[in-house]
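Colleague: I have some questions about the labels on this model. Please take me through them.

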Amino acid sequence: EELKSEGILITLHVEDDQSIAKNSVDAYAKLHSIHGVSAIVGGTWWANSFVKQAERDHLPLLSCETLFNDDVVLGD
């Protein structure tokens, strides 16, 4: 409500990967291609399956697994 009162609108899109790596990739594609999200915040164990694509797409990604094996996605 505080952000809304300042003219900042946030829309939340939720995808459930059901703890399946392929579903995580599909959810990422849907969030990026269909919904055109500005960033992804997730708790998936399978973030490494799309972390490099997020980097190529310049899409900031924050996940409990983002730093696994030194993978990092930098926001522009």
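This is a predicted model: local features need pLDDT of at least 70, side-chain atom pairs count only at pLDDT 80 or more; totals for chains, interfaces and linings use all residues.

Colleague: Why are Lys-22 and Asp-26 called a salt bridge?

Modeller: A salt bridge needs a side-chain nitrogen of Lys or Arg within 4 Å of a carboxyl oxygen of Asp or Glu. The side chains of Lys-22 and Asp-26 meet at 2.7 Å, N to O, so the pair qualifies. Both lie in helix α2, four residues apart, about one turn of the helix.

Colleague: Why is Lys-22 called exposed?

Modeller: Exposed means over 50% relative accessible area, buried under 20%, partly exposed in between (1.4 Å probe, protein chains only). Lys-22 has 55%, so it counts as exposed. Asp-26 has 41%, so it is partly exposed.

Colleague: What makes Glu-55 and Lys-52 a salt bridge?

Modeller: Their closest N and O atoms are 3.8 Å apart. The two residues sit three apart in helix α3 (residues 51-56), so about one helical turn separates them.

Colleague: What does the salt bridge of Lys-30 and Glu-15 tie together?

Modeller: That pair meets at 3.5 Å, N to O. Lys-30 lies in helix α2 and Glu-15 in the loop between α1 (2-5) and α2, so the bridge ties together parts 15 residues apart in sequence.

Definitions and conventions:
Residues are numbered from 1 along each chain as its sequence is written. Side-chain values use heavy atoms; hydrogens and water are left out.
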